Amino acid sequence: MAMRHQEMRMAMRHRIAFGLLAVGVLGGVLARAQEIVHSEGQLPQFEVATVKLMKPETVVSLSAGAAMGGAGSAGDGAGGASTAGGEKIIRQTSIRMSYEEAPLSDRVHMRWKAKILIEIAYGLHIGSEDRVVGGPGWVDSDADRYEVLAKIDDAAFAALQKMPAAEQQRQVQLMEQALLADRFKLKVHFETREMPVYALVIAKGGAKLAEAKPGEVARLTGTGDGESNVLVGQALTMNALARSPLLRPEGRMVLDKTGLTGAYDFTLKSSNGAAEGPSLFTAMEEQLGLKLVSEKAPLEVIVVDQIERPGEN
């Protein structure tokens, strides 16, 4: 869970194309489920929190062909440089995103549009925007991005440290739900809808995965340059791979149906069509012995009934 807040300091500012992968930043990604977090009773709250609309010059929108940027890296948007003849220059930036577990933190720092803040607070991976429906247009607008800084009370943080990691994460998410209800006046309800997904299965001929070495830390790293992508897993379960925001073919959720329960090391190299090389689907089968099968599944969605722009504080 704490990884989520540390990684968020990298301030990824857009859901962009990582080849066929829609990528975002989210903590707890290696073990976290995608069930929506529901509240029961009174919500826990942060000791103090601020919500500020980000200044226009700090909001960077990446072009569809640009690679994902970490801290201080991004592709040029509409305001990019031009040649003397007026042709637009679009810089493509190589990126690297790595996810691994980290200690619990008493601080939360997020910089996202409202729809992604809702995803995070209710336990969904970034890249799951289709599971947040309704609300005014600004909720999903790149021009309306908010910086959230929050601190957990010392006594509450001490109590959190005695809880299992999954419950720690849930409690912080409930605090984030309380913050959204207070500052954004958010009200939601939940529905189950049939949605397109991909099932991750073992391909004909069997899986081609190396078992993780003893003592390895679970980690998933993705790199891309706008044309080709490399996904490296270390001590990773197939369930964690399927639930990762680094694996979102066509923006769809992936369900693990491999039946594999071990942890594995692997490298997956694919092209997004702009360069030579196998597509994600072909690479999965040829390099990992896995297959992505299109199907539909009932998924719970968050329906926004009410939301307001927060005042400056």
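Predicted model: local features only at pLDDT ≥ 70, side-chain atom pairs only at ≥ 80, totals over all residues.
How many bridges join β8 to strand β14, and in which sense do the two run? The legends below begin with that pair.

View 1. Residues are numbered from 1 along each chain as its sequence is written, and side-chain values use heavy atoms, with hydrogens and water left out. β8 and strand β14 (residues 290-306) are joined by 16 bridges and run antiparallel. Two strands count as paired if DSSP finds at least two bridges between them. Strands (E, at least two residues) and helices (H or I, at least four) are DSSP runs, numbered from the N terminus. Across from E194 stands P298 in β14.

**View 2. An open sheet of four strands has mixed pairing.** The strand order is β6-β14-β8-β12. From one strand to the next, the twist averages 35°. Helix α6 lies across β8 and β14, and runs at about 130° to β14. Contact here means heavy atoms within 4.5 Å. Axes are lines fitted to C-alpha atoms, for helices over the stretch in contact; angles run from 0 to 180 degrees between N-to-C directions.

**View 3. Aromatic rings pair up in this structure.** The structure holds four aromatic pairs. Y198 and F281 form a tilted pair, because their ring centres are 5.3 Å apart and their planes stand at 55°. Rings of Phe, Tyr and Trp (its six-membered ring) pair if their centres lie within 6.5 Å; planes under 30 degrees apart count as stacked, over 60 as edge-to-face and the rest as tilted. Y198 sits in strand β8 (residues 187-202) and F281 in helix α6 (residues 280-288), so the pair ties together parts 83 residues apart in sequence. Y198 is buried, at 6% relative accessible area. F281 is partly exposed, at 23% relative accessibility. The cut-offs are under 20% relative accessible area for buried, over 50% for exposed, and partly exposed in between (1.4 Å probe, protein chains only). Elsewhere, ring pairs link W138, Y146 and F184 into a cluster.

**View 4. Three strands make an open antiparallel sheet.** The order is β3-β7-β5. β3 (48-53) and β5 (107-113) are the edge strands with a single partner each, so one side of each has no neighbour in the sheet. Neighbouring strands are turned by 10° against each other on average, direction ignored. Six bridges pair β3 with strand β7 (residues 145-151) in the antiparallel sense. A49 has A150 of β7 opposite.

**View 5. A235 and E250 have positive phi.** Neither residue is a glycine. For A235, phi is near 50°. A235 lies in strand β11 (residues 228-236) and is buried, at 13% relative accessibility. For E250, phi is near 55°. E250 belongs to the loop between α5 (238-243) and β12. With a relative accessible area of 49%, E250 is partly exposed.
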